[in-house]
Amino acid sequence: MKKIKILLDKYILTQIEKISPKTYRQFFEIYKKVYSPFINRIKYHDKYFFNIVGIETSTYCNRKCDYCPNKDNETPKYIIDDVIFKEAIKQLKQIKFNGILQYNLYNEPLFNDKLIDEVKYASNELKNAIHILVTNGDLLTIEKAEKLIDAGIDKFVVTIHDKNPERAYERLSKVKDVIKDKMRLQTIYDLPIQNRGGAVDIDKYEHQKLKVCPNILSLTISINGDVLLCCNDYYKKHVMGNIMEKNIVDIWKSYSNLREELLDKNIVRLDICKKCLEIED
């Protein structure tokens, strides 16, 4: 299945993305709404089981983008403890997780000196998962990219955050020329801006109001093993459980009512969700 997904990305999705990034994103929306629930119902008996896992392997980011909460509340430089990281991977292996595994939250993962070792371990344990590195590309070189590919990274999602991205685009294009379809190179202008649960003011940016929650089927694990309600919870106020105390699946099931209400009934209860969806009381 993993080989099929990679071939689909290489020969179809990558080509669609070149022509129209918007169509590319729309495809994934259809995937999340139709295909993913169908497969999850068969495999996990839960149509809203998570298909993306993001692990906060480190905390530092060198950027202070004004559409990110990190600009006002910079996190110190911490790296996830090996015990916590391996526990997360162990539990994902137990359920034969074959979705997308990312090594980031609000951090820039390339500042993590242990990243290659973590990717090697995770890709060896989760052979059928798609391992994606989301990065701003500031530290990405051809040499680093090749080492990470050898370690197990299947795809680099590189977003240039410069207001004038031409110079960075030229530099990173040289990396893309080498690793080819394994990199998606984009600028912030290619992406929809979100207010991160109300944590940032995006009124000065042209943006579309979200119709449905885009992140509710993602499992977010923070650096201390906490499972967060959502990747938009920058301040980590909504902790659903800790993987060192409870099983990931049990934690995920503990707030299934919130997912069902959001996705089936369009009921929004939490303030963070209301702010993200720009719903006025």
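Me: At what angle do helix α3 and α4 pack, and how far apart are their axes?
Reply: In this predicted model, helix α3, which covers residues 82-94, packs with α4 at an angle of about 15 degrees, and their axes are 10 Å apart. Angles under 35 degrees count as roughly parallel, so α3 is roughly parallel to α4.

Me: And is the crossing of α3 and α4 left-handed or right-handed?
Reply: The crossing of these two helices, α3 and α4, is right-handed.

Me: Which residues make the contact there?
Reply: From α3 the contact is made by Phe85, Lys86, Ile89 and Lys93, and from α4 by Glu118, Tyr121, Ala122 and Glu125. Sorted by class, the contact of α3 with α4 has four nonpolar and four charged residues, with no polar ones.

Me: What about α4 and α5, how do their axes cross?
Reply: Helix α4 (residues 115-125) and helix α5 (residues 142-151) have axes that come within 8 Å and cross at roughly 25 degrees. That angle makes α4 roughly parallel to α5.

Me: Who makes that contact, and how do the residues divide by class?
Reply: On the α4 side the contact is made by Leu115, Ile116, Val119, Lys120 and Ser123, while Lys147, Leu148 and Ala151 come from α5. The residues of the contact of α4 with α5 divide into five nonpolar, one polar and two charged.

Me: Switching topic: how many cavities of 30 Å³ or more does the structure hold?
Reply: The structure holds three cavities of that size, 30 Å³ or more, and the largest cavity has a volume of about 100 Å³.

Me: What lines the largest cavity?
Reply: The lining is made up of Gly197, Cys213, Pro214, Ile216, Leu229, Cys230, Asn232, Leu262, Ile272, Cys273, Cys276 and Leu277. Helix α9 (residues 271-276) supplies the largest share of that lining, namely three residues. By class, the lining of the largest cavity divides into 10 nonpolar and two polar residues, with no charged ones.

Me: And the second largest cavity, what is its volume and which residues line it?
Reply: The second largest cavity has a volume of about 60 Å³, and the residues lining it are Ile216, Leu229, Leu258, Glu261, Leu262, Ile267, Val268, Arg269, Leu270 and Cys273.

Me: Which helix gives the most to that lining, and what are the classes?
Reply: Helix α8, residues 256-265, gives the most to the lining of the second largest cavity, with three residues. That lining has eight nonpolar and two charged residues, and no polar ones.

Methods. Residues numbered from 1 in each chain as written. Predicted model: local features only at pLDDT ≥ 70, side-chain atom pairs only at ≥ 80, totals over all residues. Heavy atoms only, no water. Axes fitted to C-alpha atoms, helices over the stretch in contact; angles between N-to-C directions. Helix = DSSP H or I, 4+ residues; strand = E, 2+ residues; numbered from the N terminus. Parallel < 35°, antiparallel > 145°, perpendicular 65-115°, else oblique. Contact = heavy atoms within 4.5 Å. Nonpolar A, V, L, I, M, F, W, Y, C, P; charged D, E, K, R; others polar. Left-handed = near helix turned anticlockwise from the far one by under 90°. 1 Å grid on protein atoms, 1.4 Å probe; cavity = no way out; pocket = protein on both sides within 12 Å on 5 of 7 lines; lining within 4 Å. Points joined across faces, edges and corners; volume = space filled by probe spheres on them.
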